[in-house]
Amino acid sequence: AFMGGRVALSAAIYALNLQPGDEVILPGYTCVVVPNAFRFAGVQTVFSDIELATYGLDADQMKKRMTSRTRAVLLHHLYGLVCRDYDAILDIAKQHGLAVIEDCAHATGASYKGVNVGNRGDIGFYSTEQSKILNTIQGGIVVTNTPRLADRLKEYYMQANDPQPEFVNSL
């Protein structure tokens, strides 16, 4: 667990060892904090078209945006809708050795073929800020089924600073 969804995404970027100059493909319709997290890490964002059934990344369009520098793809499950091209994106990523980050900020509790979203890619992250289904006012969660990535997430967590006391309002 982290202080926010954007911090959870930053932990995912760290865990996947994405480096300055690497490229990540993002849906062209996403929250501004998503590309900002990658840009802060020096990772180049490449926007790709979405499909209109679920507003998810369009697999065919994603393939057209891939280059030799592409290292990852971020797919999102927006508004509680599971990305239409979920299986196709996972297959393409596997064929090309790309990491898959699942943005589940709007899909806490959603499942696909009996598996919760966030568990089929390499890493999934969730937001628990005030407008989300699971509300902790501010927060984020990262999940992975890969022990090596879990170790890297824990390493990132242990390096994170606690908030300055003057920014904490206890009631």
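Reader: Which helix gives the most to the lining of the second largest pocket?

Author: In this predicted model, helix α5 (residues 147–159) gives the most to that lining, with 3 residues. A lining residue is one with an atom within 4 Å of a pocket point. Here the second largest pocket is lined by A1, F2, M3, V7, Y156, Y157, M158, A160, N161, D162 and P163.

Reader: How do the residues of this lining divide into nonpolar, polar and charged?

Author: The lining of the second largest pocket holds 9 nonpolar residues, 1 polar and 1 charged. The space in this pocket comes to about 250 Å³.

Reader: How many helices and strands does the protein have, and in what order do the elements run?

Author: There are 5 helices and 8 strands in the protein. Read from the N terminus on, the elements follow the order α-β-α-β-α-β-α-β-β-β-β-β-α.

Reader: What does the radius of gyration say about the overall form of the protein?

Author: The value is set against that of a compact globule, which for 171 residues would be near 16 Å; the protein has 15 Å, so the two agree. Along the principal axes, the C-alpha atoms fill a box of roughly 50 × 30 × 30 Å.

Reader: What share of the residues is buried, and what share of the contacts joins residues 24 or more positions apart?

Author: Buried means under 20% relative accessible area. By that cut-off, 44% of the 171 residues are buried. Among contacts with a separation of 6 or more, 56% are between residues 24 or more positions apart. The accessible surface of the protein is about 9,300 Å², and carbon and sulfur atoms account for 52% of that surface.

Technical notes: Residues are numbered from 1 along each chain as its sequence is written. This is a predicted model: local features need pLDDT of at least 70, side-chain atom pairs count only at pLDDT 80 or more; totals for chains, interfaces and linings use all residues. Side-chain values use heavy atoms; hydrogens and water are left out. On a 1 Å grid over the protein atoms alone, a cavity is a set of points where a 1.4 Å probe fits but cannot get out, and a pocket is an open set with protein on both sides within 12 Å along at least five of seven lines; lining residues have an atom within 4 Å of a point. Grid points are joined across faces, edges and corners, and a volume is the space filled by probe spheres set on the points. Helices (H or I, at least four residues) and strands (E, at least two) are DSSP runs, numbered from the N terminus. Ala, Val, Leu, Ile, Met, Phe, Trp, Tyr, Cys and Pro count as nonpolar, Asp, Glu, Lys and Arg as charged, and the others, Gly among them, as polar. The radius of gyration is taken over C-alpha atoms; the globule rule is 2.2 Å times the number of residues to the power 0.38. Buried means under 20% relative accessible area, exposed over 50%, partly exposed in between (1.4 Å probe, protein chains only). Contact means heavy atoms within 4.5 Å. Accessible areas come from the Shrake-Rupley method with a 1.4 Å probe; for residues, only the protein chains shown count as cover.
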